[in-house]
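Hi there,

Here is the structure I promised to pass on to you. Have a look at it first, and then read on for my notes on what turned up.

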Amino acid sequence: MPIAERLPVEIVLAQQELGIDVPATGAATGAAVGGLLGALIGTAIDKAAVSNGEERAAELRNQLVDYPFNQRMEAALREKLPSEGLSPQPQISVCNAPAATGAQFLAIGCSVTPASGVLVIVPRYAIDAKFENLVVQVNAHLIDRETKSNGKPKVRNRLTYAYHFNFPIDQVDGEKPEQTAVRWSALGSAPLAMLLDTGVAQVTDMIVYDFSAEGRAERAVPKRGSTAFNGRMFNGQQVRTSKDWVWSRMGKHSGGALHGYYPVSPDAVRASVTAAASPVSVDAVSVADAGVAPISTTEAPAADAVEAPPTQAEAVDTPQAGTP
């Protein structure tokens, strides 16, 4: 501790609207069928899933069109990253897209200049194609950046840390994805923004805690099992909890991700709709009644992030295990 006194940190802001996470179910189907026919079937399934997800997300994106996700995330990172475990004086730079346009992955950072020990942070927010879960996430890559003999950048990914804060909406028997999408949209802009504000605060707290003395010690303990919270089961072993949310960590065989969960129930969604339609200002509405998390999460220590495989790219070498 720390990683470095003046750690170079590059924040890559590459997302301009709510993302849609579509599982690659077509690939599994195509593999089962096999051959060219299987590949064509798999591609058709995935394309249909993407198209359906994009269509259902239109109204939800309209609700969030003015939400400044990138600005909120950048401000939270600039405030919290200076710390004993990460770096007392991090040298933070921000870019809106990868600097090396020829690279097909974001972990290269904001420059092609050779450098050693650069922490590249890539934030994102998205909802799954079935509209069961809203997520705010951050991937943090500790990299070394070089220049190959042909002049192209080469990146060695030392370690990758994954932080996800999820808002799973309770499922309703027989409900179709388009109906679930309507329930999300019916929340209104202000409650949705409060959810995302909470997610931003949580994942940035996670990063700082993960590199503290307590977080590093916790990270070294193997994690197994499942987490029960508010009548639901989540993957990974519980490591932190409060009245409204829980954090769990998955083992390295599952990608080593740290996840937080803030369940949203149908009753809470309906209460949020009522609150949003009320002439009373959003600030005057009880957060608990609105069914959303508080914007500030200073009470929430973060749990550890675990090494995950590097992004597939021509320039990436095999990552090394261990904590920097």
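**Contacts and overall make-up**

In this protein, residues 24 or more positions apart make up 69% of the contacts that have a separation of 6 or more. Please keep in mind that this is a predicted model. The chain has 324 residues, of which 48% count as buried, and its secondary structure amounts to eight helices and 12 strands.

The mean pLDDT is 78, with 68% of the residues at 70 or more. Among the elements, helix α3 (residues 69-80) has the highest mean pLDDT, 97, while helix α8 (residues 287-290) has the lowest, 41. Across residues 280-324 the pLDDT is below 50, although this stretch still has 133 contacts in the model beyond near neighbours in sequence. Where pLDDT is low, predicted coordinates should not be read in detail.

**The cores**

The largest nonpolar core has 51 residues, and the members that touch the most others are Ile121, Tyr163 and Trp184. Elements giving two or more residues to this core are β1 (8-12), α2 (35-63), α3, β4 (115-128), β5 (133-147), β6 (153-168), α4 (177-186) and α5 (189-210). The largest share, eight residues, comes from α5. Another core lies apart from this one; it has nine residues, including Val12, Cys110, Val118 and Val155.

Cys95 sits in strand β3 (residues 91-95) and is buried, with a relative accessible area of 13%.

**Around β6**

What does β6 pair with? On one side of the list is β5: the two strands run antiparallel and are joined by 15 bridges. Asn133 stands opposite Pro168 of β6. β5 and β6 form a hairpin with five residues between them, and Gly151 in the turn has a positive phi of about 90°. The other partner to mention is β11, which runs parallel to β6 and is joined to it by four bridges; there, Tyr163 has Leu258 of β11 as its bridge partner. Of the 16 residues of β6, 12 are buried, so this strand is largely enclosed by the rest of the structure.

In the loop between β6 and α4 you will find Glu175, which is partly exposed at a relative accessible area of 23%. Beyond its neighbours within four places in sequence, Glu175 is in contact with Thr180 and Arg183. Thr180 and Arg183 are both buried residues of α4, as are Ala181, Trp184 and Ser185. After α4 comes Gly188, with a positive phi near 95°.

Strand β9 (residues 237-241) and β10 run antiparallel, joined by four bridges, and they form a hairpin with four residues between them. Gln237 has Arg249 in β10 as its bridge partner. β10 in turn pairs with β11 in the antiparallel sense, again over four bridges, and here the partner of Arg249 is Leu258.

In a regular strand the side chains alternate between the two faces of the sheet. In β10 (residues 246-249) both faces are covered: Val246 and Ser248 are buried on one side, and Trp247 and Arg249 are buried on the other.

**Aromatic pairs and a charge over a ring**

How many aromatic pairs does a search of the whole structure find? There are six. In one of them, Phe234 and Tyr261 have ring centres 4.0 Å apart and planes at 15°, so this pair is stacked. Phe234 belongs to strand β8 (residues 232-235) and Tyr261 to β11 (residues 258-261), so the pair ties together parts 27 residues apart in sequence. Both residues of the pair, Phe234 and Tyr261, are buried. Ring pairs also link Phe165, Phe167 and Tyr262 into a cluster. Finally, Arg219 lies over the face of Phe211, at 4.9 Å from the ring centre.

Best wishes

Methods: Residues numbered from 1 in each chain as written. Predicted model: local features only at pLDDT ≥ 70, side-chain atom pairs only at ≥ 80, totals over all residues. Heavy atoms only, no water. pLDDT = per-residue confidence, 0-100. Contact = heavy atoms within 4.5 Å. Core = buried A, V, L, I, M, F, W, Y, C linked by side-chain atoms within 4.5 Å. Buried < 20%, exposed > 50% of the residue type's maximum accessible area, 1.4 Å probe, protein only. Phe/Tyr/Trp six-rings, centres within 6.5 Å; stacked < 30°, edge-to-face > 60°. Lys NZ or Arg CZ within 6 Å of the ring centre and 35° of its normal. Pairing = 2+ DSSP bridges.
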